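Please keep the sequence and the 3D view at hand while reading.

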Amino acid sequence: MSNTKKRIDRGSLITLCIILLIFVVTVVLENTINANSLLFTVIRKGAVYSLVAVSMNLLNGFTGLFSLGQAGFMLLGAYTYAILTIPNSVRDTIYYLFQGSSFHFSLLDIFQGALGETFGLIVAVILACICAGIVAAFFAFLIGLPVLRLKSDYLAIATLGFAEILRAIFQWEKLGKVTNGANALRGYPTFSDFNIKNSSGMIVFRLSSFVPLLLAGICIAIIVLLINSSYGRAFKAIRDDEVAAEAMGINLAKHKQLSFCISSFFAGVGGALFAMFASTVQAKTFTSAMTYEILLIVVIGGIGSISGSCLASFLYIACSEWWLRFLDNTMYIGGTQVPLLRNGFRMVVFSVIIMIVVLFFRQGIMGSRELPDLFRRKRIKEGKSDE
Amino acid sequence: MSDTVLEIKDLYVSYGGIEAVKGISIDVHEGKIVTLIGSNGAGKSTTLKSVAGLVKPKSGSIKYKGQELIGLSPDKIVSAGVVLVPEGRRVFPNLTVKENLRMGAYLRKDDLTADYEYVYELFPRLKEREWQLAGTLSGGEQQMLAVGRALMSKPELIMMDEPSLGLAPLVVQDIFKIIKTINKAGITVLLIEQNAFMALETADWAYVLETGEITHSREGLDLLEDNTIQEAYLGKSKA
């Protein structure tokens, strides 16, 4: 038994080292190569999507509740974050169509006034992210009361409907003084505000890609701890067999509600991070297509694998934002136009790749394994060959 | 005689207008093995599920040590010391054997070391497969795990729904041996079986259920001799 324990530690240790290495490399690259490289867009968006995909995996992969409300909870998180942190000085110009905002409370102003520029920014952003999560979780709690009685497809339809209704409500003119109607919210702190500048405003040290990685990393670490706790085991038990779980004394309603709220909390935080990434928030971006994107990432990565979801979201974002970009540009070789390469062809190729994954790698990249398992497997095999 | 721990009185259960259980009354005495036999659809499983709180009865009462169980949630009933081993094994296939056992003790906050040892002593095979996913176990091993998992909640009354279902004859004998061992350790057993012969041999007291009603209730071995029972459940023709 002690042997197994040792192996678990080693596998996790290697994983931890890899994660740290990624963090360090990101910081180094950011400060050495061209900061406008698409690589950094991929890192930032990938980090945000990792968190949202993991939060969806917690619900779909670990608790067995098929919910499609993720974009709705991201929307709640993004708006909460933006509304709480837009500085009062620019608020009225952003809400000019509605003659100013009815909301004159900015966490950023409060904390930057009290704690100074840098420290105030950090505290305000973290607090606003937590608020974003809490708002999302609160709505999840309300919607969960009636909806979580439903099963599989019905639950998916109900949550999808909820997300769509939410999107419509946020674009409603009557709420314009709070949500700015169909117009974008902007002016709140984004990832680039975390770059360290000198007194004349020149950037001396870039952190704008490291910060999203760090924030998403912390949230994912919390989810991993949760999954390995006794609550996590109860979630998996519910996924595996509801009747048996209930017979063992697991309160189904309570645990489903808990999982739904926690998942939505992190989707809300993910929404806040998405707002920071995109630097504007508009309800029309949080469509059901976004939920499907995240679902796709979860499926490609492996339902029930946290590291799979992370890996898949970086791959997915890299493909859609970077590697397959050339397919959209018309290209000439020796005066003749290369056939098929035109705007929109990227999505065709992308769809084919996804079909191949679904047909031949049904378990996704990782199946239900995690990154440390891969190192553990190797160790066990090595041990066997030694004998 | 010993005290009645479980007292079911005039229990009626219906599923969407169809009555599955029509006013049955059952007494389970402390430290005994009581069996409910009957054919498919007789209402055996429904009765057990009602006791475990998984099904809401229409009327009647289920008293465990004087405490009314109807209306309590399943987790409260498990905490009270009544646990159900559901039909068809139903282990958690993607959890390891040990995690499955741990789920059985989900509501307990105390130390589990002694309980793991007790279960592993009863089922040495589970000890060997401690780190294996439960879904990869054989049918017999899964049934053992299901029983072990239920024992982890430290029950005083264990209810088993068709523990022999789909198992090889030798494995069935093992399961019944285990049932006797558990019972000797002081746990009351309420057993449902289609394998009437094995059940009647093992049980101290037996009830026969037919289309939601109790038709016979007698000591197990007595019932085994009964001609009508033999015809109906043991497949012996009229001599």
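At what angle do helix α2 and helix α12 of chain A pack, and how far apart are their axes?

## Basis of the report

This is a predicted model, in which local features need pLDDT of at least 70 and side-chain atom pairs count only at pLDDT 80 or more, while totals for chains, interfaces and linings use all residues. Residues are numbered from 1 along each chain as its sequence is written, chains are lettered from A and ligands numbered from 1 in the order in which they are written, and side-chain values use heavy atoms, with hydrogens and water left out.

## Helices α2 and α12

Helix α2 (residues 38-62) and helix α12 (residues 252-278) of chain A pack at an angle of about 165°, and their axes are 8 Å apart. α2(A) and α12(A) are therefore roughly antiparallel to each other (a word for angles over 145 degrees), and their crossing is left-handed.

The contact, meaning heavy atoms within 4.5 Å, involves residues of α2(A) including A:Tyr49, A:Val52 and A:Leu59, and residues of α12(A) including A:Phe260, A:Phe274 and A:Phe277. By class, the residues of this contact divide into 15 nonpolar, five polar and two charged.

## Aromatic pairs

Over all chains, the search finds 13 aromatic pairs, where rings of Phe, Tyr and Trp (its six-membered ring) pair if their centres lie within 6.5 Å, and planes over 60 degrees apart count as edge-to-face. In one of these, A:Phe73 and A:Phe260 lie edge-to-face, at 5.8 Å centre to centre and with 85° between the planes. This pair links distant parts of the chain, since A:Phe73 is in helix α3 (residues 70-85) and A:Phe260 in helix α12, 187 residues apart. A:Phe73 counts as buried at 1% relative accessibility, buried meaning under 20% relative accessible area (1.4 Å probe, protein chains only), and A:Phe260 is buried with a relative accessible area of 1%.

The rings of A:Phe274 and A:Phe286 are also edge-to-face, because their centres are 5.7 Å apart and their planes stand at 70°.

## Helices α9 and α14

Helix α9 (residues 210-227) and helix α14 (residues 306-323) of chain A pack at an angle of about 155°, with axes 11 Å apart, which makes α9(A) roughly antiparallel to α14(A). The crossing of α9(A) and α14(A) is right-handed.

Terms used
Axes are lines fitted to C-alpha atoms, for helices over the stretch in contact, and angles run from 0 to 180 degrees between N-to-C directions. Helices (H or I, at least four residues) and strands (E, at least two) are DSSP runs, numbered from the N terminus. Angles under 35 degrees count as roughly parallel, over 145 as roughly antiparallel, 65 to 115 as roughly perpendicular and the rest as oblique. A crossing is left-handed if the near helix is turned anticlockwise from the far one by less than a right angle, and right-handed if clockwise. Ala, Val, Leu, Ile, Met, Phe, Trp, Tyr, Cys and Pro count as nonpolar, Asp, Glu, Lys and Arg as charged, and the others, Gly among them, as polar. Rings of Phe, Tyr and Trp (its six-membered ring) pair if their centres lie within 6.5 Å; planes under 30 degrees apart count as stacked, over 60 as edge-to-face and the rest as tilted. Buried means under 20% relative accessible area, exposed over 50%, partly exposed in between (1.4 Å probe, protein chains only).
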